[in-house]
Amino acid sequence: MMKSFRHSADERNSSKVLKLRMKLGAAGYGVYLMILERLAAENDLRATLDYDVLAYDFHVEAEFVRQVVEDFDLFEIDIEAETFSHEGLMEQKPAKFKREVKEKQLDKFIERQAKDEYLLDNLEGNFNMPRVQIKGIMHSSFRDEILSNYTRIPPAETLRNLLYNHLESLRE
């Protein structure tokens, strides 16, 4: 949780925010800033993609909030986890916090994959490895590889591809 955050005195004129203002006016910019405030208040600087709750909080329509979040490339959206964040806020946190957030985000992904019977069947068949070994790899060497090679955790689809590549590299 952040008590405050910095933003440029010229934020309203950045290309993405300018496009937001052109389409949604000052109200869109106001909702954008309220979303940033809301994200800053979250422990991991991420919010659930629940536009109804945000709309109620901001006294606007849910579709309006959805447009601000999704249509102007202002936020990083994780569809599978149903959350979103803002890169600018993440950059303001100390490195230790960023590492903790990355680890939690990656651990949630790994836990979802370790419970996905269809995925485990697929990996077991493709790589001729028992599930317990695949799960161990996901929690150890795959996790380490992602944390050491990526400054931000990629989206779930990319992570799944990286997992396949990682398992393939272990076969060689």
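Me: Leaving out residues up to four places away in sequence, which residues does Gln105 touch?
Reply: Gln105 touches Arg46, Asp78 and Ile153. Keep in mind as we go that this is a predicted model.

Me: Where is Gln105 found?
Reply: Gln105 is in helix 5, which covers residues 95-114.

Me: And is Gln105 buried or exposed?
Reply: Gln105 counts as buried, because its relative accessibility is 19% and the cut-off for buried is under 20%.

Me: OK, switching to rings. How many aromatic pairs does a search of the whole structure find?
Reply: The search turns up 4 aromatic pairs. One of them is Phe75 with Phe84, an edge-to-face pair with 5.4 Å centre to centre and 85° between the planes.

Me: Why is that one called edge-to-face?
Reply: Because the planes of Phe75 and Phe84 are 85° apart, and anything over 60 degrees counts as edge-to-face.

Me: What about Phe127 and Tyr164, how do they pair?
Reply: Phe127 and Tyr164 make a tilted pair, 6.0 Å centre to centre with 55° between the planes. Phe127 sits in helix 6 (residues 117-127) and Tyr164 in helix 8 (residues 156-171), so the pair ties together parts 37 residues apart in sequence.

Me: Buried or exposed, those two?
Reply: Phe127 is buried, with a relative accessible area of 5%, while Tyr164 is partly exposed at 24%.

Me: Which residues do ring pairs link into a cluster?
Reply: That cluster has Tyr29, Tyr32, Phe75 and Phe84 in it.

Me: Now helices. How do helix 1 and helix 2 cross?
Reply: The axes of helix 1 (residues 15-41) and helix 2 (residues 51-58) come within 11 Å and cross at roughly 110°. That makes the two helices roughly perpendicular, and the crossing is right-handed.

Me: Which residues meet there?
Reply: From helix 1 you have Val31, Met34, Ile35 and Arg38, and they meet Val53, Leu54, Asp57 and Phe58 of helix 2.

Technical notes. Residues numbered from 1 in each chain as written. Predicted model: local features only at pLDDT ≥ 70, side-chain atom pairs only at ≥ 80, totals over all residues. Heavy atoms only, no water. Phe/Tyr/Trp six-rings, centres within 6.5 Å; stacked < 30°, edge-to-face > 60°. Helix = DSSP H or I, 4+ residues; strand = E, 2+ residues; numbered from the N terminus. Buried < 20%, exposed > 50% of the residue type's maximum accessible area, 1.4 Å probe, protein only. Axes fitted to C-alpha atoms, helices over the stretch in contact; angles between N-to-C directions. Parallel < 35°, antiparallel > 145°, perpendicular 65-115°, else oblique. Left-handed = near helix turned anticlockwise from the far one by under 90°. Contact = heavy atoms within 4.5 Å.
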